[in-house]
Amino acid sequence: MLAHPATATPAATPAHLAPPPAGHCLNCHHRLAGPFCHHCGQSASVPPRITAHHLLHELPHTIWHVDHGIVYTVREMLLRPGLSIKRFLAGERKPFFHPLSLLILVGGVSAFLFGVFHIVPYDTHQPGLTPRMQEVQQQVLHIIQRFQAWLSILFLPVSATIATPLLRRRTGYTWAEQLVAAALMSGAVATAGLLFIPAMAFWSGQAAVTKVALAMTLAMLAYKTFGYAQLQALTAGPERPFGRWGRGLLVAVLEYVVTIVVFGGLPFVVVLLTR
């Protein structure tokens, strides 16, 4: 006989959904013996229920806390890129935000701002620019802006391939380690690039915007040169500064040239294929 709804016994909570006893980890249900679970690493102070107060506390803590903060990672990479890369590759991962996650996050913010302010990073009134070429440039620009983060990630193996033969003897880092170094520096460059967006928005599509783009390019080349030079100084024996800075500049310039050849030549390829 079926029980009346008002007096029916509630269904038992499945074992894997039941809350653990007090003093046990909320994630893996192992007994706690300190501020963190020795089995899965989760904090012992995680509240059993999420409240508005918890969200307001966790949001700034997650972003700003030095253990895994974006601000800490960007600050260290901009001020001490070589040292930060060496620390990361030596296994000191906890203080740093994941480099690929940083690239995706900053790329998304950049694409959003470019779209909101309708930024055109070149002079639309330059002589010789036909309507067809201008249309193609707009299409390519839209694709690059939309998938900026993923294109940056896809370009990382190219950066590692350029850097490895030039820096392997001085740094001792393999191709995979150079790829991580490139990811860390690319994340810092992308974040610093956000500072140029107000000027690019103000002079969007005008001749002055090309000067802003040039300033951003020179700043990027100077930063990468500094980063690669510092990395060599920390991982190799004594050497004249010219050697370290020369190799760093060479890597930075080659990366930039390949980027220009690939992305700068893309509009012309599209025009030729769609004639």
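**Surface patch**

Leu249, Val253, Val257, Val261 and Val262 make a nonpolar surface patch of about 390 Å². Patches consist of residues with over 30% relative accessible area and no salt bridge; like charges are joined within 9 Å, and nonpolar side chains (Val, Leu, Ile, Met, Phe, Trp, Tyr) within 5 Å. The model is predicted: local features need pLDDT of at least 70 and side-chain atom pairs count only at pLDDT 80 or more, while totals for chains, interfaces and linings use all residues. Residues are numbered from 1 along each chain as its sequence is written, and side-chain values use heavy atoms, with hydrogens and water left out.

- Val257 has its place in helix α10, residues 241-264.
- With a relative accessibility of 41%, Val257 counts as partly exposed (buried is under 20% relative accessible area, exposed over 50%, partly exposed in between, with a 1.4 Å probe and protein chains only).

**Overall build**

- The protein chain contains eleven helices and zero strands (DSSP runs numbered from the N terminus: helices are H or I with at least four residues, strands E with at least two).
- Of the 275 residues in the protein chain, 33% are buried.
- The protein chain has an accessible surface of about 16700 Å², and 69% of this belongs to carbon and sulfur atoms (Shrake-Rupley method, 1.4 Å probe; for residues, only the protein chains shown count as cover).
- Among contacts in the protein chain with a separation of 6 or more, 63% are between residues 24 or more positions apart (contact means heavy atoms within 4.5 Å).

**Nonpolar cores**

- The largest nonpolar core has 18 residues, of which Met77, Ile85, Met185, Tyr228 and Val251 touch the most other members (a core is a set of buried Ala, Val, Leu, Ile, Met, Phe, Trp, Tyr and Cys residues joined through side-chain atoms within 4.5 Å).
- Two or more residues of this core come from each of α2 (70-79), α3 (81-89), α6 (148-171), α7 (175-193) and α9 (207-235).
- The largest share of this core, four residues, is given by α7.
- A second, separate core of six residues includes Phe114, Ile119, Ile197 and Met200.

- Helix α3 is largely enclosed by the rest of the structure, because seven of its nine residues are buried.
- The cover over the buried residues of α3 includes α2, α4 (99-116), α7 and α9.
- Apart from neighbours within four places in sequence, Ile85 is in contact with Met77, Ala181, Leu184, Met185 and Leu231.
- Gly91 follows α3 and has a positive phi, near 110°.

**Salt bridges**

- The structure holds five salt bridges (a side-chain nitrogen of Lys or Arg within 4 Å of a carboxyl oxygen of Asp or Glu).
- Glu76 meets Arg75 in a salt bridge of 3.4 Å, N to O; Glu76 is buried at 6% relative accessibility, whereas Arg75 is partly exposed at 42%.
- Glu76 also forms a salt bridge with Arg87, with the closest N and O atoms 3.7 Å apart.
- This pair links helix α2, which holds Glu76, with helix α3, which holds Arg87, the two being eleven residues apart.
- A salt bridge of 2.9 Å, N to O, joins the side chains of Glu255 and Lys224.
- Glu255 in helix α10 and Lys224 in helix α9 are 31 residues apart, and both residues are buried.
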